[in-house]
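Visitor: I'm new to this one, so could we go through it slowly, please?
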Amino acid sequence: MTQSPTLSRRSTPSAPTLRKSKQRGADARAGYTFLLPWLLGFIALTVGPMISSLYLSFTNYNLFEPPKWIGLDNYTTLFQDERFLQSVGVTVSYVVFGTPLKLAAALAVAMLLNSKRKGQGFYRSAFYAPSLIGASVSIAIVWKAIFGDAGPVDQGLSFFGINLGGWVGNPSMTMPMFVLLTVWQFGAPMVIFLAGLKQIPADLYEAASMDGAGPVRKFFNITWPMLSPVIFFNLLMETIHAFQIFASAYIISNGEGGPAGSTLFYTLYLYLRGFSDFRMGYASAMAWLLVIVVGIITLIFFRTSKSWVHYSGDAK
Amino acid sequence: MINRRNFLTTVAVGTASAAALAACGTGSSTSGETGSAENPVNIDYTWWGNDDRAERTRKAIALFESKNPDIKVNGNFTDFAGYWQKRATEAAGGGLPDVMQWDLSYLRDYGQRNQLLDLGTVKINTDAFDKSLLPSGQIRGKTYGIPTSTNAFAVYYDPAKLASLGIAEPDGSWSYKEFNEFLTQVGSKSNGAIFGGTDYTGVWWMFNIWLRQNNIEAFTEDGKLGFTKDDMKKWWNTTAGLRGTPAIVSEERVTQLAPKSPFGSNVTATEVTWDNFMAGYLSDSGAKELKLVPVPSDDQDNLGLFLKPSMLMVASAKTKNKDAAARFIDFMVNDPEVGQIFKTSRGVPASKTQRDGTTFEGTDKLVVDYEKSIEKYLKDAPEPPIVGFGTLEASFKRISSDLNYGKVTIDGAADAWFKEAEDLIKQNA
């Protein structure tokens with residue numbers, strides 16, 4: 001591949017270049033043709049709605065009548081809206097507590113499943129299963145029943161003399177409940193961690209053992225740095241994901257964000273504003289604020305990643 | 001080994017394909033122009049309610065289809081809260097179901113914004129309707145909704161529960177003070193096993209009735225609030241001494257039990273609400289008998305009560321099958337056999353033909369008798385409330401619930417509600 005074109009270019013410079021660019025054009029055309037269905041979908045279903053939502057965020061729009069331009073009013077009133085501030089608080093505490101715990105669980109189980117033992121395939125699927133069904137509405141309903149009054153959790157705890165009652169109706173217990181729900185759905189990051197762990201050469205661990213390193217040392221000096229790109233990827237994806245929690249909050253709180261606003265997640269409030277109160281412009285402003293904030297957080301992650309994410313082939 | 005370039009490419013490809021998969025939604029729709037027994041017209045009908053209503057509605061639909069083989073009705077139902085969010089989504093997409101069960105709270109929002117069909121333009125027989133009731137389905141002279149039935153506010157109680165506690169049955173002539181004492185008595189005599197009731201100050205319509213008892217209009221003609229912050233504080237103060245006691249079920253329990261009501265779950269002995277909930281409460285609680293008495297009032301000559309269309313039938317402005325929709329609505333509001341199916345579970349039938357064709361026995365008779373007994377106190381049915389009223393009602397409920405959780409003071413609650421209400425009125429001005 002590398003030899004022959006160089007040779008031919010030397011002998012007859014013009015013709016092959018032409019042929020090559022023709023070839024390139026054909027490749028590009030074929031490429032774009034294959035890309036077309038996706039591209040059309042992307043423009044019609046993602047870019048288009050985003051642009052119109054950006055426009056709507058500067059308007060007063062009630063779904064039925066044409067939008068009225070009001071400039072930055074939606075954005076400024078947001079910060080005087082107590083329910084909005086409450087929804088930010090709820091969501092941030094969910095992201096801050098839920099995401100690290102979920103990743104820790106995912107990594108711990110991935111490491112357990114990485115070693116060779118009997119029935120490994122079964123365990124892997126068993127641990128992955130919750131995240132497969134996790135996004136579905138049914139799980140939220142089951143979760144509500146488990147944590148409800150006289151549900152298994154309530155009865156289990158009262159067996160140990162702890163009487164919290166149901167968690168669903170108690171404003172101070174709903175957040176732990178949601179954090180548990182997300183931790184339990186660690187399957188997707190776990191599979192990615194597992195793939196990452198498989199990539200770490202066994203001889204590194206062997207060499208470390210020879211030097212007398214224990215499991216803790218092996219983890220921090222081999223596993224963590226070797227896995228850091230995967231950890232970074234999971235952290236980024238799960239954080240973005242956590243900001244978008246909606247379905248389970250909607251189901252468990254009957255679409256109201258209660259009790260006492262304790263499950264008023266950002267996207268739920270956005271939805272209520274748009275579809276219950278017919279304030280689509282306001283909801284669009286909220287959506288764009290979320291995009292901007294998630295964008296900034298992603299940027300911070302990428303900037304700080306240089307100090308702790310190691311790619312092979314990088315100069316240290 | 002992982003290197004940066006491969007890693008990022010993999011991420012990019014993965015994300016892109018996930019987006020492509022997500023974009024692959026499917027949608028289909030069918031519409032029939034003309035109907036015949038072999039090739040019937042399809043219309044969609046949606047309602048809110050519980051299993052009891054679903055079963056009755058399915059019976060009514062089957063009956064309609066057997067009498068009208070050229071029309072097929074596709075029924076679909078959800079609970080009340082989800083119902084309106086679903087309708088809003090459909091309205092935004094231009095695809096409301098052909099025929100819908102409707103609530104007075106949302107009639108203005110959709111009617112005034114041209115989402116509902118002017119039923120004056122189709123054939124629906126309203127001869128058998130009380131003339132004072134029809135205006136509540138009308139906005140600016142156009143008829144958007146036909147009432148199926150009427151309901152009035154009442155206090156429910158479970159006589160068996162009261163008997164077991166040794167408490168005499170109430171006759172309904174009580175002041176707020178007496179009513180509160182009654183609730184306290186239930187809670188203390190049962191040692192907290194049965195609560196007196198739910199906090200009735202969290203129900204918008206009860207607040208509205210209290211305003212009428214004090215000769216205050218809830219909304220002025222130009223779409224503003226007719227009451228003051230002080231009125232609202234006074235109202236929420238009515239049960240201030242009962243919150244957190246066995247007189248009133250805790251908000252935590254109410255939330256746990258949702259979507260069932262505490263009364264339907266046998267947690268309380270009374271409930272202040274619409275009289276047409278009888279059938280639902282009976283099936284939820286399994287009680288043999290539930291009784292109804294008038295709401296409390298400090299002025300026994302003015303109970304503030306009125307008959308409200310408990311539900312309305314409306315059609316989508318964009319329906320392709322106007323005539324089929326009209327025939328179905330006409331059938332649901334007028335047919336005597338439909339009255340037999342629903343009895344009083346939608347309320348007392350609004351059309352005289354339906355009312356006369358229905359036999360009311362047992363608990364259904366209690367509801368009809370109750371509405372007869374309060375006849376002399378009844379005032380005009382309210383006009384369709386202001387645009388955005390559904391939102392106001394929901395935030396009234398939410399803020400009352402925060403009050404019961406102890407998350408706000410009464411002053412703070414009134415401030416919060418007024419702020420939202422004024423904002424909403426300004427938005428829709």
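Guide: Let me start with a term, since contact here means heavy atoms within 4.5 Å. This is a predicted model, in which local features need pLDDT of at least 70 and side-chain atom pairs count only at pLDDT 80 or more, while totals for chains, interfaces and linings use all residues. Residues are numbered from 1 along each chain as its sequence is written, chains are lettered from A and ligands numbered from 1 in the order in which they are written, and side-chain values use heavy atoms, with hydrogens and water left out.

Visitor: OK, so what is A:Y123 in contact with, leaving aside its neighbours within four places in sequence?
Guide: With those neighbours set aside, A:Y123 is in contact with A:L113 and A:K118. A:Y123 belongs to helix α5 of chain A, residues 120-134, where helices (H or I, at least four residues) and strands (E, at least two) are DSSP runs numbered from the N terminus. From C-alpha to C-alpha, A:Y123 and A:L112 are 10.0 Å apart in space and 11 residues apart in sequence.

Visitor: And how exposed is A:Y123?
Guide: A:Y123 is partly exposed, with a relative accessible area of 38%; buried means under 20%, exposed over 50%, and partly exposed in between, using a 1.4 Å probe and protein chains only.

Visitor: What about A:S53, buried or exposed?
Guide: A:S53 is buried, its relative accessible area being 18%. This serine lies in helix α2 of chain A, which covers residues 14-56, and, not counting residues up to four places away in sequence, A:S53 touches A:S284 and A:W288.

Visitor: Which residues make the contact?
Guide: On the α13(A) side there are A:Y271, A:L272, A:F275 and A:S276, and on the α3(B) side B:W84, B:Q85, B:A88 and B:T89. By class, this contact has 5 nonpolar, 3 polar and no charged residues, where Ala, Val, Leu, Ile, Met, Phe, Trp, Tyr, Cys and Pro count as nonpolar, Asp, Glu, Lys and Arg as charged, and the others, Gly among them, as polar.

Visitor: Then within chain B, how do α7 and α8 cross?
Guide: The axes of α7(B), residues 204-213, and α8(B), residues 229-237, come within 11 Å and cross at roughly 115°, which means that α7(B) is roughly perpendicular to α8(B). B:M206, B:F207, B:W210 and B:L211 of α7(B) meet B:D231, B:M232, B:K234 and B:W235 of α8(B), and the contact has 6 nonpolar, no polar and 2 charged residues.

Visitor: At what angle do α8(B) and α15 of chain B pack?
Guide: Helix α15 of chain B, residues 389-404, packs with α8(B) at about 50°, with the axes 12 Å apart, so α8(B) is oblique to α15(B). Here B:M232, B:W235 and B:W236 of α8(B) touch B:F396, B:I399, B:S400 and B:L403 of α15(B), a group of 6 nonpolar, 1 polar and no charged residues.

Visitor: Now the sheets: in what order do the 6 strands in chain B form an open sheet?
Guide: The order is β2-β1-β3-β10-β6-β11, with mixed pairing; two strands pair if DSSP finds at least two bridges between them. β2 (71-78) and β11 (348-349) stand at the edges with a single partner strand each, so one side of each is left without a neighbour in the sheet.

Visitor: How many residues of β10 are buried?
Guide: 8 of the 8 residues of β10(B), 308-315, are buried, so this strand is largely enclosed by the rest of the structure. β10(B) pairs antiparallel with β3 (residues 99-102) over 4 bridges, and 5 bridges join β6 (residues 146-151) to β10(B), again antiparallel. In β10(B), B:M313 stands opposite B:Q101 and is also the bridge partner of B:I146, while B:P309 is the bridge partner of B:T150.

Visitor: And what order has the open sheet of 3 strands?
Guide: That order is β8-β7-β9 in chain B, with antiparallel pairing. β8 (270-274) and β9 (291-293) are at the edges, each with a single partner strand, so each has one side without a neighbour in the sheet, and neighbouring strands are turned by 35° against each other on average, direction ignored. β7(B), residues 153-157, is joined to β8(B) by 5 bridges, and B:E271 in β8(B) is the bridge partner of B:Y156.

Definitions and conventions
Axes are lines fitted to C-alpha atoms, for helices over the stretch in contact, and angles run from 0 to 180 degrees between N-to-C directions. Angles under 35 degrees count as roughly parallel, over 145 as roughly antiparallel, 65 to 115 as roughly perpendicular and the rest as oblique.
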